[in-house]
Amino acid sequence: MPITLRQLCATEQFGLRVLAGQDQLDRALTWAHVSELPDPTPFLDGGELLLITGVSLPMTAAGTTRFVRTLVGVGIAGIGFGTGLGYEEVPQALVDAATRFNVPLLDVPLRTPFIALTKAVSRAQSEDDMKALRNNYQSVRRLLQAAVTVNGTRAVVRRVAELIGGWAALLDSAGHTVEISHTAAAAGIERTAPEREARPMEVSFVTSENEDVISHPLTTSRGKLMGYLVAGCPGAVGSLNQGIVITAASLLTLMTARTRDAQLTMNHLRTVAMHQLFEGQNTLARNISGELWGGFPIEPFQVFHVAGPVGLLESVSVSLLDGLSRDLAFGITDGALIAVVSATDSERILARIKGIDVTVGVSDMLWWDDLSRARRQAAQAAAEASARNLPSMRFAELSESGLSAFLDPDRSTAFAAAHLRPLLEAKGGSDLYRTLAMWLAHNGVGDAAATALNIHRHTLRSRLARIESLLQLDLSSPTERAELWLEYRLLGDAPTI
């Protein structure tokens, strides 16, 4: 810390005597400035010890009060009055004004030159600057030591938190957390989110709830955003060491860029391996699975089809590799991330992926002989989930609704209504429609349908003949019956034409 007035006064060789403002002596001094100007404030920044001999001191008490009030207005730390030259004692008007505004007033004896006080303040500042420089050097050293550990990114984030006495987190370019030092950091990350969204390429500062938070973007020399380093420090405003955060952000930028290049290569290898897997050559994929995924799925498995922007698919990749499971294989191919996941681990992995803004289709539980079918199921489920604006869907949910689930609902319903219009608009059309539905539901067995309708079988035959005439079709044709049943499933029991 810079030197304080109390420390100056405690130095016996200076012989300073405090005449006012005794409770304000612990303020740190920015400088010791000598001036005999009637108004020295244009040359003051605040925090200085102003040294005067009274050459330009106003002659009246009111003028002296105005003089001190002006000095207090610019944040003066104290006044040192040199006695033994123009004045044998500090003027009482100055003592009274300093007491009124509670500003420290020091009697500086003739034997203590002003230059000695200036040198003392300067020397203390130099020592403080040197200490800060040594601390920053040690901080940079510790950050570099963290960077070369096994998981350098995580180590750097945690080291930043340690050095600033707070928390830190690394986010990807979409704002999702990649590494975090403390769970309490989530609130600070959330508070800075609006600033990142409004100005994604700029450093932002937020102070709230007695905490300083800085969000620093990680950008390449070409201006590509790779993520953010967010850090927070509770306590007094301005207590967060921004230098450490800036240094760590530069280091993480280099590490992320290098990791990104390696990740692109690994992603390409994973894609090639997945192509081999789907071509039935799982021996090759299995042999290199340890290097690519850390393990390999076991039967029975499920296939995930994950659709979304490339940046989010990369976030999914990070989640899958982050110790979540070793019983999987995945790769980004044809604009989607395809993952083969052991059924025993699928629920846990699906829950993790749902935290990212992507669409997921999940196949049934199948075996290696059915891998291609599982992939088609997952793709169909993902497409349907996207159409329904759902985060995920299982193929089992899709297949429960039959073939109609794969049809465009508006177009297919409109077609069914148009096809059956002659029947529905005919006299007694509602009875004819109900008769047709019941007969189809009983697989064309007349007696069973007539009993369900509570009509005679001859009446049933008569109605069926009329239906054939109105719709111009042959009910003995399996194709015709299948289409009519699907149309009934689309329109329901009470269609509106």
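Guide: A pocket is defined on a 1 Å grid over the protein atoms alone, as an open set of points with protein on both sides within 12 Å along at least five of seven lines, whereas a cavity is a set of points where a 1.4 Å probe fits but cannot get out. Lining residues have an atom within 4 Å of a point. Grid points are joined across faces, edges and corners, and a volume is the space filled by probe spheres set on the points. Rolling a probe the size of a water molecule over the atoms shows where empty space is left. In this structure, the second largest pocket holds about 250 Å³ of space.

Guide: Two remarks on the source belong here. This is a predicted model, in which local features need pLDDT of at least 70 and side-chain atom pairs count only at pLDDT 80 or more, while totals for chains, interfaces and linings use all residues. Residues are numbered from 1 along each chain as its sequence is written, and side-chain values use heavy atoms, with hydrogens and water left out.

Visitor: Which residues are the closest to the centre of the second largest pocket?

Guide: They are Gly175, Ile189, Glu190, Ala193 and Arg196, out of 13 residues that line the pocket. For the elements involved, helices (H or I, at least four residues) and strands (E, at least two) are DSSP runs numbered from the N terminus. Strand β7 (177-180) and helix α6 (185-198) each supply at least two lining residues, and α6 gives the most, with six. By class, the lining of this pocket has six nonpolar, four polar and three charged residues. Here Ala, Val, Leu, Ile, Met, Phe, Trp, Tyr, Cys and Pro count as nonpolar, Asp, Glu, Lys and Arg as charged, and the others, Gly among them, as polar.

Visitor: At what angle do the axes of α15 and α18 cross?

Guide: Axes are lines fitted to C-alpha atoms, for helices over the stretch in contact, and angles run from 0 to 180 degrees between N-to-C directions. The axes of α15 (residues 429-441) and α18 (residues 478-491) cross at roughly 115° and come within 10 Å. Contact (heavy atoms within 4.5 Å) is made by Tyr433, Leu436, Ala437, Trp439, Leu440 and Ala441 of α15 with Arg481, Leu484, Trp485, Tyr488 and Leu491 of α18. These residues divide into ten nonpolar, no polar and one charged.

Visitor: Is Ile52 buried or exposed?

Guide: Buried means under 20% relative accessible area, exposed over 50%, and partly exposed in between (1.4 Å probe, protein chains only). Ile52 counts as buried because its relative accessibility is 4%. This residue lies in strand β3 (residues 48-52). Beyond its neighbours within four places in sequence, Ile52 has contacts that include Phe67, Ile79 and Phe114. Glu36, 16 residues away in sequence, is 5.9 Å from Ile52, C-alpha to C-alpha.

Visitor: Which peptide bond is cis?

Guide: The bond from Glu299 to Pro300 is cis, with omega near -10°. Pro300 is found in the loop between α9 (289-292) and β11 (301-307).
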